[in-house]
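Hi everyone, thanks for coming along.

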Amino acid sequence: MEQKIALELKNITKTFGSVVANKNVSLQVRKGEILSILGENGSGKTTLMNMVSGIYFPDAGQMFIDGEEVVIASPKDAFKYKIGMIHQHFKLVDVFTAAENIVLGLEDEKGFDMPKYIEKIREITAQYGFELDPDKKIYEMSVSEKQTVEIIKVLFRGADILILDEPTAVLTPQETVKLFAVLKNMRESGKAIIIITHKLHEVLSLSDYVTVLRKGEYAGTVKTSETNEAELTEMMVGKKVFLNIERSEPENCTDRLVVDNISCVNREGIKLLDSVTFTARSGEILGIAGIAGSGQRELLEAIAGLQHIDEGKIIYIDPKTNQEENLRDKSPMEIRQMGVRLAFVPEDRLGMGLVGNMDIVDNMMLRSYKKGKSVFLQRKAPKSLAEDIIERLEVVTPSSSTPVRRLSGGNVQKVLVGREIASSPTVLMAAYPVRGLDINSSYTIYNLLNEQKKKGVAVIFVGEDLDVLIELCDKIMVIGGGKIAGTVDGRNTTKEEIGLLMTKTSYEDNVKKGGSDNDEKSE
Amino acid sequence: MKKVNNSLHTSHFSSPFHIVKRDDIVWWKAWMFRVISVILALIVCGVITISLTGINPVKMYLTMIEGAVGTTRLVWNLFQNTAILLCVSLAVTPAFKMRFWNIGAEGQVLIGGLATATCMIFLGGTMPTPLLILVMLVLSILAGAVWGLVPAYFKTRFNSNETLFTLMMNYIAIQIVAYFTLEWSVPKGSGTPRTLEMGQLPALFGQKYLINIIIVVIITVIMYIYLKYSKQGYEISVVGESENTAKYIGISVKKVMLRTMAISGAICGIAGFLLVAGTDHSLKSDTAGGRGFTAIMVSWLGKFNPLFMILTSFLIVFLQKGASKISEVYRLNPSFSDIITGIIIFFIIGSEFFINYKLKSNKKETEAERC
């Protein structure tokens, strides 16, 4: 059967200031076909799709829908051509039900008829195999359910071309499998589907064709059945990359940080951390896996002295004296003054770890500016540290006096990690240290973490990519709903095992949450 | 191929250009934009002047310059006014750098002035003048600092909105000062403010404003060094850029906030002291004269850099003086001088837009590629 081309892009170019986001990109997607757009972060995947969905307007190039040239100047135009995009960040009203969100903004000349709409929503869910309760409120939903609402929303409006931006970034492996099944059903019914991703195994298991972008440029399109991971990586990066993370055997492990039964409750009385107990040992990388927002951030911040702890204690064991110190209720400054060398690479690099508008030298100073009795700043030492890091970690920057916000994501992270490692820590915590980084920078970071491990640092690594966690970490602790669901050995675990632990807790959590919500309603 | 694309997009796109953020701009280009904007402003003002009043704009501008720097007295007056405005602007700058929107400078100045006037009235004659002046200075600093600390305390304690709080504190200060002005007026209750004889700042080299100017120059230098090279100045920048980073590093945000607002209020207090003891020798509820608000503009236009702020405060005072002369000479409604000042400031602020952004034509694709 000859498949008709649903969407075709020819030589699309888009620039932002001096940054070329897309340059002469062309692609085609046919009806009843899934196309992956593969590329590293910052390679222009999302920009390209934003042009298709009318958020940006291309500087040059042509778009064709069903063979006709079209101009998409606004999301309304995209809608007219039956293009629907599911963004990475959901745009839903929390206090509305699924159905209310789906019909929100709908202009129906025949009048507003909710029962009819709900009927239609049920038809759609049945047709493609979704699981969704139209009357459930958004704030009661898991991330995966919210995503389902977003997808049904565009289907409800009759979209024939669906674009999904990194749909699996927030899903567990099991939820991903479900999503893929639904997408395959849609393909069977003749929809054209584009998914934006940077995960290779997803590309291979799901799509028919892959279009690869590299630094905003079109790197080619290949048939999925005729390619493999190595070839795709090479297309993405532009050169051969060895995708192996070295993992040395841990040596001379001693207990360094003992987190003993800590709990944190927020203002609304919800437990952010629930009786968390674990031990981080020197010379080991302890991975923390879990669905985003399961308490990873709170846990690291609690250790770093940024999160109020309601119960439990955090014991730091000094490597030289073996003295035990309780870090609970200590501010970051106090922790440093106690001589505890705790380095923390937070998730929010420019909003927490660094100051975007300050230059590299001033950012180096963040940790050390208080040193000395003088009321004036000493910029000499931070300047040489900055230059040292720029050289050693190959930071691409015009100079050490460039504001860090002007650097690319990978270079920002090198500056931050470099600074944190420079304090020769005994405990190093890193939250999503490779998020948004290209493959080469990611490997630089993995190597740095491994180096620290060999030096006898207790490394705590919060990650989202299970493949990486399994390759890099000695132990992997799974956290869900603020609780530790289990700890597995990185050397002999599987993604499925970790995935099960991830879902186990989140399921229990949902049941509990749903129950308490009902209680509130009945009052 | 490319030509086809060109015609395609121009024919469909409604607006002829779109806005693009600049990466960086060389300093001379930025200044060129600023100069061009002033020239454009003068042209637009000229057109408006002719069409509304029929006055020759060139003559009008000459009158303006004459009004600002026409005589030696006027020049001193200009410098004195610039100094006071700069002083208030320097006061609000550390708070603004910390993203604490202190729009209560007006009240902080007045309270400082009130403290000074109180000393002059009640302590005048009881101690030697240099000591009296010192007491006046210290008390005005304290009064201003307290007026600045109150909103900061409530912000750190209850997370109240500092913009509203500092604004409200202005009205309280104005009413208190209005009460005492009436109380102290001669004859009592007449509303004519009393001339404060004791504790006036001395004239240096025969120039009565020189001491004001010297004090403000010193404050400017100190503030520049404080913000750029001191540890406290660094903390202010970190808190202003990102409170999360400040917490992450272990800077006590509350402490920095209180300390900085105390400094901000204290310098406003000094401005009040200079106004009452060095300039007006009297206290009225409009002694601050809106400088507390104008200072916000000076500070922003000067990009929170004390050295740039010398320029911006001079420019604004120059415009004000010159424009009021126009109204006087040509017997125009005083609003007309406000219109002229407004247009010029509008263009100057507008130039900042072109320094940060550029317009890109949708027609010329080649240009898009070049930059």
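**Salt bridges and a domain interface**

Let's start with one residue: A:Asp362 is buried, with a relative accessible area of 12%. Buried here means under 20% relative accessible area, exposed means over 50%, and partly exposed is in between, using a 1.4 Å probe and protein chains only.

A quick word on the ground rules. This is a predicted model, where local features need pLDDT of at least 70 and side-chain atom pairs count only at pLDDT 80 or more, while totals for chains, interfaces and linings use all residues. Residues are numbered from 1 along each chain as its sequence is written, chains are lettered from A and ligands numbered from 1 in the order in which they are written, and side-chain values use heavy atoms, leaving out hydrogens and water.

So which residue does A:Asp362 meet in a salt bridge? The partner is A:Arg379, at 3.0 Å from N to O. A salt bridge is a side-chain nitrogen of Lys or Arg within 4 Å of a carboxyl oxygen of Asp or Glu. A:Arg379 lies in the loop between helix 12 (360-365) and helix 13 (380-392) of chain A, and A:Asp362 in helix 12, so the pair ties together parts 17 residues apart in sequence. Helices (H or I, at least four residues) and strands (E, at least two) are DSSP runs, numbered from the N terminus. A:Arg379 itself counts as partly exposed, at 27%.

Over all chains, the structure holds 28 salt bridges. Another of them joins A:Lys31 and A:Asp66, with their closest N and O atoms 3.6 Å apart. Each of these two residues sits in a loop between strands, so the pair ties together parts that are 35 residues apart in sequence. In chain B, B:Glu352 pairs with B:Lys303 at 2.6 Å. There is also a network of salt bridges linking A:Glu249, A:Lys453, A:Asp474 and A:Arg491.

Now, how many salt bridges cross the interface of domain 2 and domain 3 of chain A? The rule finds zero. On the domain 2 side, A:Met333, A:Arg336 and A:Leu428 supply 57% of the area buried against domain 3, more than any other three residues.

How values were computed: Buried area is the accessible area (1.4 Å probe) that two parts lose on being put together, summed over both.
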